[in-house]
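Here's a quick briefing to keep beside you while you look at the fold.

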Amino acid sequence: LDSEWDSSIKWNRLAGNLPCLQGKRILDIGSSCSYYMFRLAQRRPETVIGIEPSLAMYFQYLALARYLFSKPGKRYDVDGFNFARAKGEELDRGKRK
């Protein structure tokens, strides 16, 4: 289905407008299951970091990373590619009361 929930549609709109990312550091806030992180990593940035408060999305990332990055005898991560689960209360600290 063509919809806004199809991340490849959004990516195709965005990809042609991105500058060269080689050697850059990227922070993806609200990275969901990390679809855009994986796509951005193909452009050879120095670092890609994703922050996501949803535990379900974090586990989706772990599942994807396991199959995309795993090799016999190796951990399922890549240098410069990181995903952190941020708890809601950590994200709320900057809010004024």
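This is a predicted model, with a mean pLDDT of 75 over the chain. In all, 65% of the residues reach 70 or more.

**Confidence**
- Strand 1 (residues 25-29) is where confidence is highest, at a mean of 90.
- Helix 4 (residues 88-91) sits at the other end, with the lowest mean, 52.

**Cysteines**
- If you're wondering about disulfides, the structure holds 0 of them.
- Cys20 is exposed, at 58% relative accessible area.
- Cys33 comes out at 19% relative accessibility, and the cut-off for buried is under 20%, so Cys33 counts as buried.

**Trp11 and Tyr36**
- Trp11 belongs to helix 1 (residues 7-15) and Tyr36 to helix 2 (residues 35-41), so the pair ties together parts that are 25 residues apart in sequence.
- Tyr36 is partly exposed, at 22%.

**Tyr35 and Tyr36**
- Tyr36 also pairs with Tyr35, and here the ring centres are 5.2 Å apart.
- The two planes stand at 90°, so this pair is edge-to-face.
- Tyr35 is partly exposed, with a relative accessible area of 23%.

**The aromatic cluster**
- Phe38, Tyr58, Phe59 and Tyr61 come together as one aromatic cluster.

**Val48**
- Val48 is part of strand 2 (residues 47-52).
- Its relative accessible area is 1%, so Val48 is buried.
- How far is Val48 from Tyr36, in sequence and in space? The two are 12 residues apart in sequence, and their C-alpha atoms are 9.9 Å apart in space.

Note on methods. Residues numbered from 1 in each chain as written. Predicted model: local features only at pLDDT ≥ 70, side-chain atom pairs only at ≥ 80, totals over all residues. Heavy atoms only, no water. pLDDT = per-residue confidence, 0-100. Helix = DSSP H or I, 4+ residues; strand = E, 2+ residues; numbered from the N terminus. Disulfide = S-S within 2.5 Å. Buried < 20%, exposed > 50% of the residue type's maximum accessible area, 1.4 Å probe, protein only. Phe/Tyr/Trp six-rings, centres within 6.5 Å; stacked < 30°, edge-to-face > 60°.
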